[in-house]
Every structure is written in structure tokens, then in C-alpha cells.
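Subject: Structure handover

Hello,

Here is the structure we talked about. Please open it alongside this message; my notes follow below.

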Amino acid sequence: MTNENIIKNIKTRWVKSTDFLVGLALFFAAFVFFYDVLGGELLLTERDLGPYFIPPRFFWVDSIRQGNFPLWNPYQFSGHPFFANPQHGILYPLNVLFFLFPFDTAFNAIIILHFFLGGLFTYFFLKDLKANSAGALVSGLIFMLGGYLLSLHSLLTILLSVVWTPLIMMFFRRALDIPGLKNEIFVAIFMSISFLGGGIEIVYGNFFVLLFMVIFYSTSYMTSVEDKPRRGKLISSLPIYWGRIKFLSERLRSLLVVFILFLFLSAVQLFPFLELLYHSIRGSGISYQEATIWSFAPRDILLFFLPDAFGYFLDMKKYWVTQCWLKTLYTGGFPFILSLIFFLTPRSPLSPSGENNTLKRFDNNRKFYFSLMLFSLFLSLGSFNPLYPFVFKYVPFFNGIRYPVKFLYIFIIVLSITAGLGFKRLSEFSKGNELPFLKKLLLVFSLASGLLLIFLVLGHPGIEHFLKGKGIDAPAFNHLSINLYHAKRFLFYLALFFLLMRVGYEIRWKRWVEILLIFFLTADLFGNMGFYGKEKTSEYFQKTRIMQKITSDKGNFRTFSTSKTISLDHPLLIAETSPLDVFKEKHLPTMNLLYRLPNIWGIDVVRLKRIDELYHAFTGAASISATNLVELYGVKYIISVTPIEEDPRFELVYVRLEGLQGKKEDLLKANTVKLYRNRNPLPRAWLVKDYKVMDAGAILPAMVSKEFNPQKEVLLEEMPEQAAKKGAVNNKYRKGAGEPPREILGSVKIISERNNKINFLVKTTENAILVLNESFFPGWKVLVNGTEEKIYRANYTFQAVPLKAGSQRVEFVYAPLTFKIGAGITLLGIIGCILVGWMGRRR
């Protein structure tokens, strides 16, 4: 073996060992960050995790363990498509951990693992850009421990999707540099995994990122085209222009291939989702006001350096009127310094000749990274952007996307990448002893930051008095003492980072300086440590007294928590207790999933439009007694802070008075949590003789009338096919007719019920209509004695099927065609990708 080969092998082993150590460092940093939830007794429950993400995941994991795949969720919204919503992440590959560990351990581990993956994937991308290991590690730490990603730990779908962006960019860069199916397949795979994580807006944003790469990103081929000599004549320049057009068309072809492959690989989830979206409240878009909630205000730039400087989380009144989607944006000053070094300094002329083209591409790509930053800020500003109404109106899908600040993820990723590249450039300047003014500048900024820090420390009383006089205190801002503490902390690290960069520049970045810099960067970002909410697993899953009473009833019924009860803005009157107890006493509908209790409502951003309209017609009535809809829903138990004893249909079962002072009569009238029982609720399905055929727009007003009796009549939108036959059900009772609805003799018994299937045994003495108060949605079919019959939309959002007299077995089955077609297309896509890979290896 020659000396050159020996040296090459030694370098390869060194690179691999360095990458391994960096991976360990990132892994260790992520787990230390969340050290207190690793014992197996605590569960991460911050913000949306507790009510929105934990219950659905617990439901589908438990369902699959029982061999009951949850295409449908019968426990929310009177039945609702479940698998179709990618936010539940049923097919997300890393969710396999739920089947390897206890639920709480797996749930925490998945969140922590994605912080590690976010840092690791960013590190890989920087190494792919030829950054040194220290610069790549700096980038990984900034992205992994920055305030944006930390805030996403409670916005699980965004977290699961956004961490794949660096890998998507890395492989698409390779696809642009070396065209071929291999890298395009990898891009499509990681894009599909990102989509399965549930962050639909992130996937949409990533396609824009790829489009920017197509237009602006420089590669070796593009550089060679630009480096061709110019002859000064238009006719001589035509080959260059034609080369650029051909080059751009090849890139667009690559993006198109990625998009088509993505459609194939994600079809199993994408097709059911598009069907759900079409029938949902998002199908026709949302209002501009709702779409621009939580926009990134220009003044929020300060939050990168001073956490919650404006006290957004001190007052719930600020929650919806200011940007509260991200709990923290803190990134510190160091990433911005390195990023500025990348953008503002020239490439090193003394770099090795072998790196010349690479460095030139980095210079060209400053335009690409800067344009991405501007694009991210352009979208994130939302309502503060005068051009956003144009985006909302004319750019596809933006009329259905809420919270523009989420698109700040592109800015954060680019900041992390350019910080690593800036560190690389700083190292190169040091080795070449270039830009001597930069050494002086670093020292000046270090001294200036140190002097400002000393001024703040020594002049604290006077500064605090002056700022309070100017109104820079709560409630317009965060508490002044907190802001001053954060300002001192920021200046301390700023002075330290400038000093370390000056020392590193002077001694040509010896290893110990890099280690010190990385250590203090980690310490700075760890300043957000411990802000995340967590509860004991046993206490989270423990039933309230109300839940204990309801679950002791083994009947088939639904529950209802009134709007006032579940409102986060409405306080409850309960004895002093923990925030978790207050949250659980709200009895949010999603918490019913933990105990498999059917509810008429839920929490889902892509819920069916008709379900939403009927529910708001019900809750918008003067009182629960003003309509008969509570019977239509099949509600047996009502959780309410408002007394409803005046209605004889309901009886008070329990009221939480433990630890409260005062007379019972007064406490019953106050906002105490009460449980009522409906004395005669309708069953899950029942028989009626009479029906009306009405326009869809007229049905809802008719249903909120007290005259509507769901037990005796059903409102349809089309004539049943059997109506023309002799002896069919009675259709004489229509608007203006004097004949009242008639009861019939018969019985309906549930034989079995699973997520996607309900079996009934129905006996009737005459022809009738079987009404099922399960939501109507494409994909449901009914078998009557084994023969498929037509399901009719009944009572605006439920199901009905005409039956003949006699004893019949009726089976309702949810088997959506979009799922079957999507699964077939995805299978073809996977087989195609495997064949392409196999053929490539053979070649």
C-alpha cells in the first residue's frame, strides 16, 4: 500500500470517528435537555400535547394493539374520519416506538429523538457542504436547541415534519449537482416521511424551498456555465443563454420527478386526507382574520435575544392578539454574528485550489440563502405584510393555512446553515491570516458588550427606575426585572463569544477553543431549559370523579361538555388544586378518547363542515332545553357549569363541591362543575316511520325548532328508492300537512361494534327507516342481510337506511375507496423505488 493510500485511510477513519463523536454529543445534549422526563414517571404535556396529541395517539396505539385499525373514530364528533388526518401520524415510521415501549416512555422518547435528529440532519447537511466538523456541529446545535424547535415540542406535527428539511435540502442539492433518480428518490422519501408526520404546511413550505433551490442554488455545472468567457456580442452569448435555459429546465424536471414520486409514496395518506379536506371546514378556505392569527410582528425580532420581552404569556388577553404560537424564539447573538460573517465577508483567496469552485459556489449561494430568509420573513409577517392579502387570495392553499409565524422555520434553518458556513469562513481567514481588521473588530465588539454589561450591573437601580418611568414594564412588556436579567445574560454571552472568536482567530482555531465555543453556545441555548410542561403519567390518566361515574355506566351513549365548561377563558369554581386538575375538570372532549367514551364534539382542525354547523346550531341555541338535538345526538351525560335543573328531562347526578365554602344552593348556581343525566336519551340507532324530503339549507333551521322530534321523524335530502313501492314508509308528513308523525313497533339491538364497523339486529313489524346517529361520510356502506343497500344522509349529518318489515341483520362498515386506491398507488411507488435502486446497483 502506498503512502498516499495510508494517509487517505487514516483521514477517512478520523472523519468517521469525528462524526461519531459529534453524533454522541448531539444525542447527549438532546437527552440532557429533557433529563427530568427520562425516568418513566413523567409525561410531556405542554400546551397542545395534553389535550390534542396524547389522547388521539393513545387511542390509535391501543386500537392497533387490539387489531382494530382506526380508519374511523366513533368517539369524537359523533363519529369522524381518523386515519385520513395525517396529524395523528399513524403511518409515521418513528411512531413504531409506541409498540416497543410503554406509551409514556415512547411519547417522550419520540419528542426527544426528533431534537437529536434535527441537530444530526443539519450537521450532515453542513458536512455535505464541506464545512468543518466544528462549524457543522455549531449549526446542528443552533437548530436543535434554538427557541423555535424548542417551542415545537408542544406542536408535535410541526416538530415531526420540520426536522427532515435539512435532509431534503441536502439530497436535492445532490440531485441538482449530479442529476439522477437516486437522489430524487431520497428527496421524495424524506418529503413523504415529513408529510406522514402531520405537518402539512411544512411539506408545502419545503416544496417552495426546493423551487428556490431550482432557481437560485449554484452547483458546479452552473458555475461552469457562468465561467465561460464573454465575447461581448449578443450572437456570441446566445449559446450561454441557451445553456442556462436548458440547465433550468433540467432542474425543473428534477423537481417534477420529486413531486410525482412524492405523490406515489404518500398516496396512502394523501388521498384520504384530500377527501377529508374537501368535506371539512377548511375545504372552502377560512377567513383572512383567522388565517393571519399569530403573525410575526416586526418588533418580535427582539425575541430572538430577549425571551418573551413583551410578556405575551403573562396575560391570556394577549394570547390571540399577539404571536403566542411559539413560546420562545430565543437563539442568542452568536448565530447571527456567524451568519453575518458568512454574508458580509468575501471568500478566501488563499484557500487550497481544490476548494476554489466549492468556495465560489458558496459565494454565489449567499443570494440563495438570503432570498430564502426574505421569503420566510415575507410569509411569517402575515397580517403585518401588506402583500399577504394577495398571497392569501391567489396562492393555492394559503386560504386554508393558519398561523403564518410557522413559516419562520425556513429562516431558522437558513440561519443555522449560514452560521456553520460563517464559522468555516472564519476558520479559513484565521489560517490564511486574512482580514486583519476583523480581529480588531471582534475585540472592539467584545469590549463594547462587556462595558454595556458592567453599566447594566452597576447602574441597575437607576436604569430600572428610568425604564419604569418610560412605561417599559408589565403589562405592556414583561416584568422589567426579568427583561433586565435577560439583557445582562445576553450581553455576557455576547462579550464571551466575541472574545473567544478573537482568541480563536489569533491562534488559528486550536481544538480547545472550538470546544470552549461549542460548550458556551450549548450553555447559552440551555437557558431555555425546564420551561416545558410535564405531569406525572399516573395523574394525567387518572379519572376525575365525573369520569368515574360516567364510565361505570356500561350503556351505549354519548357525552357532552358544554361550551362554557370547556372554554379556556372561562374559570371554574373548584377548591385550590393543581393546573392539571383544573385542566381535567374542564372535561375536554378529546380526553374521552383515553376512556373510549363517545362525545358529540372534539378537537380537530380538519373537522367535517356539517358536523361543525350542526354543533354550533345546537350550542348557539338559547339553552340546551331550547331544542331536541340533545336527544338526536344520543347524549346521556352532560357536564356543565350552568345549572339546567329546570328541565325535567335532566337530573343532577354529581357536583364538585369538595373543599368549597358556602351554601350548597349558592354553589350550584355558581361555576361549579356539574354532571347531569338525560332520563330518556335516544339509543345509537332507532326506527322511524315518517320522513320529510327537504333542501339541505332548510334542514338545519327545521332541526333547531322545538317541533322537530327526532324519535318519530327523519329529515332526508332525497327520496328513498323504496318510497315509490307500495307499503313503503310514510312520506305524507310534510311541511303544512296536518298528520303528525307516528311511532312504529320494533327493536334495534347492537350486536357488536368496532372502530370501522357496527352490527345491529333489527326487528320491525312494518316498513321503516333505521336512523343511525353516526356522521355521514363517503366510505360508509350498509349491508342488510348481506346485501348492500344505499345509505341516505339523514338529519343533516347522520345516516339512515330504509328497511322492510321483519327481522334483519344490518351491518354498517367504513371502508373508504380513497384509502384502498392510495394504498395501491403507494405500494406501486415503493416497488418502483426498490426496482430503480436494484437496477442502479447492478449497473
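Which residues of helix 28 are buried? In this predicted model, helix 28 spans residues 696-703, and its buried residues are Ile699, Leu700 and Met703. They cover an arc of only 95 degrees around the axis, so they lie on the same side of helix 28. What do the buried residues of helix 28 pack against? Their partners are helix 25 (609-619), helix 26 (629-632) and strand 11 (713-716).

Now a single site, Ser139. This residue sits in helix 4 (residues 133-145). Is Ser139 buried or exposed? Ser139 has a relative accessible area of 0%, so it counts as buried. What surrounds it? Setting aside neighbours within four places in sequence, Ser139 is in contact with Thr122 and Leu126, and also with Ser416, Ile417, Ala419 and Gly420.

The chain as a whole:

- The secondary structure comes to 29 helices and 19 strands.
- Of the 843 residues, 57% are buried.
- Take the contacts between residues at least 6 apart in sequence: 77% of them join residues at least 24 apart.
- The chain exposes about 36800 Å², and carbon and sulfur atoms supply 63% of that area.

Last, confidence. The pLDDT averages 87 over the chain, and 89% of the residues score at least 70. Residues 350-362 have a pLDDT below 50, yet this stretch has 27 contacts in the model beyond near neighbours in sequence. Residues 732-738 also fall below 50, with 12 contacts beyond near neighbours in sequence. Where pLDDT is low, the predicted coordinates should not be read in detail.

Best regards

Technical notes. Residues are numbered from 1 along each chain as its sequence is written. This is a predicted model: local features need pLDDT of at least 70, side-chain atom pairs count only at pLDDT 80 or more; totals for chains, interfaces and linings use all residues. Side-chain values use heavy atoms; hydrogens and water are left out. pLDDT is the predictor's confidence in each residue, from 0 to 100. Contact means heavy atoms within 4.5 Å. Buried means under 20% relative accessible area, exposed over 50%, partly exposed in between (1.4 Å probe, protein chains only). Helices (H or I, at least four residues) and strands (E, at least two) are DSSP runs, numbered from the N terminus. The arc is that of the directions from the helix axis to the C-beta atoms. Accessible areas come from the Shrake-Rupley method with a 1.4 Å probe; for residues, only the protein chains shown count as cover.
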